[in-house]
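Dear colleague,

Please find the structure below.

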Amino acid sequence: MEALSLSIPIIRVTNSNTNYISLGAATNYGSLSSLHHRSSSSSTRPFTLKKKKKKTVVRVRAESEDFELKQVRDMAAAKKRWEALLRDEKIKVLTPKEAGYAVQLSNKPLLDVRPSNEHNKAWVKGSTWIPIFDVDNGLDVGTIPRKVTNFAMGGWWSGMPTLSFDNSFLPRVVEKFPKDAELIVACQKGLRSLAACELLYNAGYSNLFWVQGGFEAAEEEDLVVEGPVPLKFAGIGGISEFLGWTDQQRAAAAKEGWGYRLVFSARLIGLFLVADALFIGAQQIGHYLQEIRTH
């Protein structure tokens, strides 16, 4: 088998709906090199707040090095590990069509490792959902800065929330499937499922099948899908989805014609009108406040 060329997404705001990785190391797929998950690569440093006679020590997260450089390094290391696993056929490769045949005709188990925000939109009928990363709904001191950073670094555009490693992933898989099971593993784009395959292989699973390209590479006839939206659209969101500026929506527009495009053109015009109205309103309020000060 030829070594698979993996495309590793780096944090950039583009017209395509890249799966943005949270700036917390908990969602750095490249760091999953063993069964023991490290929840963060950052260090902590204490500082003291003085309030009357009581001292409160608050521990804050401090990044030990530049995140983007660390991410590139971790992902490069992960790419080598994954290519070795695929090259040695310790993890087998399936196309979405082949996975569909295996599930429908041979009743092979399909493990969906996507986060809840994607799974709730669309899922493969009969699949088992156990997320390796899921939406982080915490509001503690360490989580809020990650949420803000994730939003600023592209979450507003892609709609991807802050994700954290689900510590129950491996125990739930072990409880559900024996280690000699022929297990098909899939996610939306193929990256998280490959990280999951590595984790499962290290845990003793020997018959793993990775769906190359993820559900996003599947055609409508490949898999039996349930849910409110097409499977290809489960990974999009944010402003890019609202305006129809994702690759999936462009492909749909090319098939369905101008009627589909007009909907998103109207949304874009409406967005400009709302922004213009807000700007004019802010100016009027500014003039009104200025008049109050002068009188």
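The largest nonpolar core holds 33 residues, of which Leu111, Phe169, Val173, Val185 and Leu200 touch the most other members. Please keep in mind that this is a predicted model. At least two residues of this core come from each of α1 (67-87), β8 (163-165), α5, β9 (183-186), α6 and β10 (208-211). Helix α6 gives the largest share, 7 residues. Apart from this core lies another, of 16 residues, including Leu94, Ala102, Phe209 and Val211.

Two of the contributing helices also pack against each other. The axes of α5 (residues 169-176) and α6 (residues 191-202) come within 11 Å and cross at roughly 65 degrees. The two helices are therefore roughly perpendicular to each other, and their crossing is right-handed.

Which residues make the contact between α5 and α6? From α5 these are Phe169, Leu170 and Val173, and they meet Ala196, Leu199 and Leu200 of α6. By class, the contact has 6 nonpolar residues, with no polar and no charged ones. In soluble globular proteins, nonpolar side chains tend to be buried together.

Phe169 deserves a separate entry. Leaving out residues up to four places away in sequence, Phe169 touches Ala196, Leu199 and Leu200, as well as Leu111, Val113, Ile130, Pro131 and Ile132. Of these neighbours, Leu111 and Leu200 are, like Phe169 itself, among the residues that touch the most other members of the 33-residue core.

Regards

Key: Residues are numbered from 1 along each chain as its sequence is written. This is a predicted model: local features need pLDDT of at least 70, side-chain atom pairs count only at pLDDT 80 or more; totals for chains, interfaces and linings use all residues. Side-chain values use heavy atoms; hydrogens and water are left out. Axes are lines fitted to C-alpha atoms, for helices over the stretch in contact, and angles run from 0 to 180 degrees between N-to-C directions. Helices (H or I, at least four residues) and strands (E, at least two) are DSSP runs, numbered from the N terminus. Angles under 35 degrees count as roughly parallel, over 145 as roughly antiparallel, 65 to 115 as roughly perpendicular and the rest as oblique. A crossing is left-handed if the near helix is turned anticlockwise from the far one by less than a right angle, and right-handed if clockwise. Contact means heavy atoms within 4.5 Å. Ala, Val, Leu, Ile, Met, Phe, Trp, Tyr, Cys and Pro count as nonpolar, Asp, Glu, Lys and Arg as charged, and the others, Gly among them, as polar. A nonpolar core is a set of buried Ala, Val, Leu, Ile, Met, Phe, Trp, Tyr and Cys residues joined through side-chain atoms within 4.5 Å. Buried means under 20% relative accessible area, exposed over 50%, partly exposed in between (1.4 Å probe, protein chains only).
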